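Q: I'd like to learn how to read charged pairs in a protein model. Could you walk me through some?

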Amino acid sequence: MSDVFALDVSKGHSYGVWSRDNQCLQEFECLHNQVGFAQLDRMIKKADDPVVYFEATGIYSEPLVRFCQDHQLRYGRLNPLELHQHSETLRRVKTDQKDAHKIALSVTHHQYRLTTPWAPQYEQLRQLNRFYLQIVKDDKLMRQKLYPAF
């Protein structure tokens, strides 16, 4: 069985749980900076066949995705709705500690797919498309401000 690192991602930091066979080995907090990721890397190197799971939280989870890809770690970016459906009480009492434990528990009881990173050219195309759509949206807004409807 793999060691599970379940992280509840927030702005600038994550609260994590390292578990093995439904037993919590360690709770930790990881800042989304060089020092915090170095500590997380040291912890992951001690684990047996580690897998990192976290909720997809928009731009807040991007540093964690980058960390996992740079270190060739297996990771699962979980859909928040799917995670909530599998653990009904995840959001009733909102604390980072409880959420990280609920993610670890949900991962051990349900089968989640691991995230497969996109090829670099597709990731670049995705980023360029998002940039283009933002320019179109901004252009439309500026036209509405310049020529208001009477």
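A: Happy to, and let's begin with one side chain: E62 is partly exposed, with a relative accessible area of 34%. Here buried means under 20% relative accessible area, exposed over 50%, and partly exposed in between (1.4 Å probe, protein chains only). This is a predicted model, where local features need pLDDT of at least 70, side-chain atom pairs count only at pLDDT 80 or more, and totals for chains, interfaces and linings use all residues. Residues are numbered from 1 along each chain as its sequence is written, and side-chain values use heavy atoms, leaving out hydrogens and water.

Q: Which residue forms a salt bridge with E62?

A: A salt bridge is a side-chain nitrogen of Lys or Arg within 4 Å of a carboxyl oxygen of Asp or Glu. For E62 the partner is R77, with the closest N and O atoms 3.2 Å apart. R77 lies in strand β5 (residues 74–78) and E62 in helix α2 (residues 62–70), so their pairing ties together parts 15 residues apart in sequence. Helices (H or I, at least four residues) and strands (E, at least two) are DSSP runs, numbered from the N terminus.

Q: How many salt bridges are found in the whole structure?

A: The search finds eight. One of them joins D3 and R20, whose closest N and O atoms are 2.7 Å apart.

Q: Is D3 buried or exposed?

A: D3 is buried, at a relative accessible area of 0%, while R20 is partly exposed at 27%.
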